[in-house]
Protein chains: 6
Amino acid sequence: MEMTTPAPAGDLTRDPARKSVQIARFVGGMQDSLASLDRCPKPVICAVHSACIGGGVDLVCAADIRLASSDAWFSIKEVDIGLCADLGTLQRLPKLIGSESLARELVFTARKFPATEALQAGFLSAVHDDKQALMGHAVELGSQIAAHSPVAMQGSKINLNYARDHTVAQALQHQALWSSVMLQTGDIPAAIASARKRKSPPPFPPL
Amino acid sequence: MEMTTPAPAGDLTRDPARKSVQIARFVGGMQDSLASLDRCPKPVICAVHSACIGGGVDLVCAADIRLASSDAWFSIKEVDIGLCADLGTLQRLPKLIGSESLARELVFTARKFPATEALQAGFLSAVHDDKQALMGHAVELGSQIAAHSPVAMQGSKINLNYARDHTVAQALQHQALWSSVMLQTGDIPAAIASARKRKSPPPFPPL
Amino acid sequence: MEMTTPAPAGDLTRDPARKSVQIARFVGGMQDSLASLDRCPKPVICAVHSACIGGGVDLVCAADIRLASSDAWFSIKEVDIGLCADLGTLQRLPKLIGSESLARELVFTARKFPATEALQAGFLSAVHDDKQALMGHAVELGSQIAAHSPVAMQGSKINLNYARDHTVAQALQHQALWSSVMLQTGDIPAAIASARKRKSPPPFPPL
Amino acid sequence: MEMTTPAPAGDLTRDPARKSVQIARFVGGMQDSLASLDRCPKPVICAVHSACIGGGVDLVCAADIRLASSDAWFSIKEVDIGLCADLGTLQRLPKLIGSESLARELVFTARKFPATEALQAGFLSAVHDDKQALMGHAVELGSQIAAHSPVAMQGSKINLNYARDHTVAQALQHQALWSSVMLQTGDIPAAIASARKRKSPPPFPPL
Amino acid sequence: MEMTTPAPAGDLTRDPARKSVQIARFVGGMQDSLASLDRCPKPVICAVHSACIGGGVDLVCAADIRLASSDAWFSIKEVDIGLCADLGTLQRLPKLIGSESLARELVFTARKFPATEALQAGFLSAVHDDKQALMGHAVELGSQIAAHSPVAMQGSKINLNYARDHTVAQALQHQALWSSVMLQTGDIPAAIASARKRKSPPPFPPL
Amino acid sequence: MEMTTPAPAGDLTRDPARKSVQIARFVGGMQDSLASLDRCPKPVICAVHSACIGGGVDLVCAADIRLASSDAWFSIKEVDIGLCADLGTLQRLPKLIGSESLARELVFTARKFPATEALQAGFLSAVHDDKQALMGHAVELGSQIAAHSPVAMQGSKINLNYARDHTVAQALQHQALWSSVMLQTGDIPAAIASARKRKSPPPFPPL
């Protein structure tokens, strides 16, 4: 996938307006493809090693949890070739790291953002010595999440996404409506029973 | 208060729609009760020691400033019993710590979030060696805040809340309207006079 | 500029409503003046040394990147004289540092916020030993940004500003429309050609 | 109830800022009282005869359906005594009649808005010859609404309110979540069975 | 298509939470299918004769222009069978007819809304004596629209949709960005040249 | 003023991106110029005779009250020359007439919208036989508005504008803050005293 190609050529006329409609469809389609990680109701974990540049940063910004090995580094390289980071980085990064300041510096300078700094900035949840430890953590974390009630887990992601994009009051109202049906699930008594016996919960039926 | 009880039983019929209306009222009522800390125009300080779990996290997320002793730890435990953290944690935590990444990891794993990590993440403003030092700080901080003009203090909280939930331009417009009346208060010349004499301000009349 | 003067006196009648209309115009005008840094499509860098208090904090909060010397410190002093920090600090600071907690503590206590803490909190991008190193960095950073395509640089700032004030989905839609025309610029092939030859890009025509 | 009294006197100090906090509480309380018609999940019908002025217009604007006798007339009289129609008329009227033009003319001129014109403008749903016919219609309409499933009726009002205040896409999303539980009600098969037999539905249990 | 079927049966477990996730997908999918008329950048014309009930009203509400024959009538029948009009009627109707009052009365009473009243209320753009005249008008209107520049026509629909869901200021900003590229189209000089010669415009290339 | 000129020529380079920045500034500037009617805190009355086409419709849509003579007609002519009605018509018209249906038909067909139809649709507040009667009404209406308290009149317009662009709840909150200071004006007792004596109010001091 050539993320930096401005647009599919050839079939375009030379009218800037018609070109722009085609480019908007192309960019929108790629944004939508990456946003599928964000829309997916299940938590998405991303494990990164070595260089993660341009469209790669757009991709990992759409995940829920980012892990990396210590050799990983990120670069929002787009301005170096006359582009905006237009597939999601500008839209999601400031909210991931909670700092407009750092986000803008990274975007405007295209500098290397190494794993250790990214850990400290909250962009990464953990940094591991090597790829093996990294993948081990990612799989373990995924298994741990998958063992929980999917009603609770997906409800949490959906409401976190909703809260990101609404006021606190609107998000509480949405949460109450969500809980009004989800609290009727049989997963809750099953999970409570396991918790009381300090045992692993039973496998929950899929959603 | 049993925050994890799904809903008051007994008086519910078995119709999922009717049950849901009752649960929504119940959850909404509890959300509203915790949100009273948020709506209160006076700054609210929270001092935490030892375990703060589930509904406890919902509660402290609604405060303005959080202090803790070094033995404090937090856990968004809800997914372990099949629930969402539906009383405010999902809605407020990401904005408190400015990291969607860390917030999601804490929610999805239900892991311990110890005081030292919470301090570094900006969830806590200070960590003290013991409960006595903690309470001393909380009371001192409260006294310091209470000695200021309530017009200035409450106006600051109200506008911080407003800014959290609106665009920068909308929040500036609200602030200008607020200031247009509040700058007419007699508290300002009184506070300026004290500041010039480097003396404590006079007790301000209540609001 | 006396930022703490409540309002121009003299020409005001004694009617609180009429006074308030005049104050709102005055405050709105000052907000708008500082917001010109925010609205400016070019990235704005701020270099701070020594004390930065009250209206000074409002000012630097409207910039994109903040650098400081190690003797710099900040104080949101307004509550000490009965005021709100009503020219932008309450509206922008929590989003700059990604922590409602720290922002509220700084606003309610008016305490010193030294350069080192501000660096760690993400309020500053760098702290330098002395003023000379500070100014050197600021100028170098500005030159580096200025050497890039203004289409890419200004598009990045405009879309970061848009994303700050909208939902992720709305911001992606805006970005796609923006990219639909901006990807037609000749700056992109020029920048790519330079990048391939590992040479500095040519001077881009102004926007 | 004297709706045009600016504020409770006596206990107010002479500080415009402190006065304003008290007035805002007073006005907010009255707005909230009228908004209870709007928040009430059951449809609210208003029957109006003769003069309906100032606060009366604020009141009927918060209802769902307005009926009147032919002698009824409305007047947004506030500007005549130096006031805004600040208890809901300015906020709800333009959306009720779908015309910013007519709403503004009525507000700025304080002119009489007679029942026949109000019917044509969509402000009223019906105009009756006399008070008896009016009350008969109101009671009949209320009985007809009350005979339906409260799940369907309240869900319709709640989602109409939600749609008024959100984008179409947001409102559809809210509706789908609402329907996801409400379609599980036993009221639906009961209502369908009655509809097939062309009989009145059974009395539905309360919500 | 059976629009009133609550949900696909059989494959559902008896857990209200799991059922609700499936129903939400089902309802969301149907909403999305009807919303394709709304999202379609080309104007959509709807010609209605005879009864248009329930899901039929949801459908025609998603079109841009509605025409009908004089025998047409509408009924938002959902409350009669315990349902909400949850596929778009509650979300779009009040904005189509500009009257919360009439919309609520139609929704709460499920009464017949005949073509003549619908014309007067602005729900229909024209009412014709018979089906032939109706179809003739619809085809003629469609041809007339299709003969115009698709850049102008689709841009108008997209910006009308945007304006419906945003503030006036936001919608103007979106429009300016849209126009910034669309005004570069060759369709404009071609259309102006035709207009000057008072001739039909040339066939415009597709978008 | 040539409103249909795409953009100032000559000084534009041939880069579609650079052109677009210049066009956006040009269109934005013209939008802003027309929006001054909307932003003006005083009610704006528009008197229209004969043809009102294209940019003329953009202009009158930004006024508060529209009057016309019976020979007046409107046409949103832009699509006929390949343009969008991009200076405010698409953004304001649907809210003025409360009908997405009629607005879209007028925009897509560019047909004549005569004064009588515009009166019925709520676009006009009155239609007069000739220009003299029209101007007489406009001046009389303006005098009547100007004789009222400017605090009440401007507060009404500002809050109507705010309500148009916010939810009912947000608009009520803004109104309460506004009233909290405006109810302290001396205009209210003066206006009430005049009203009691059934005399014209005294000339109010300007705002």
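A charge sits over a ring if NZ of Lys or CZ of Arg is within 6 Å of the ring centre and within 35 degrees of the ring normal. In this predicted model, C:Lys112 is placed in that way over the face of C:Trp73, 4.2 Å from the ring centre.

**Extent of the contact between chains C and B**
- Chain B contributes 43 residues to the contact, and chain C contributes 35 residues.
- About 3500 Å² is buried between chain C and chain B, and 63% of this lies on carbon and sulfur atoms.
- On the chain C side, the most area is lost to chain B by C:Gln91, C:Arg104 and C:Phe108, which together account for 21% of what that side buries.

- Chain C and chain B are joined by 1 salt bridge.
- C:Arg104 forms a salt bridge with B:Asp64, with the closest N and O atoms 2.5 Å apart.

**Make-up of the chain C side**
- Helix H1 (16-39), helix H3 (89-97) and helix H4 (100-109) of chain C each supply at least two residues to the side that touches chain B.
- H1(C) gives the most to this side, with 9 residues.
- By class, the side of chain C that touches chain B has 11 charged, 10 polar and 14 nonpolar residues.

**Aromatic rings**
- Over all chains, the structure holds 18 aromatic pairs.
- One aromatic cluster is formed by A:Phe74, A:Phe113 and A:Phe123.
- In chain D, D:Arg66 lies over the face of D:Phe123, at 5.0 Å from the ring centre.

Key
Residues numbered from 1 in each chain as written. Chains lettered and ligands numbered in written order. Predicted model: local features only at pLDDT ≥ 70, side-chain atom pairs only at ≥ 80, totals over all residues. Heavy atoms only, no water. Contact = heavy atoms within 4.5 Å. Buried area = accessible area lost by both parts, 1.4 Å probe. Salt bridge = Lys/Arg side-chain N within 4 Å of Asp/Glu carboxyl O. Helix = DSSP H or I, 4+ residues; strand = E, 2+ residues; numbered from the N terminus. Nonpolar A, V, L, I, M, F, W, Y, C, P; charged D, E, K, R; others polar. Phe/Tyr/Trp six-rings, centres within 6.5 Å; stacked < 30°, edge-to-face > 60°.
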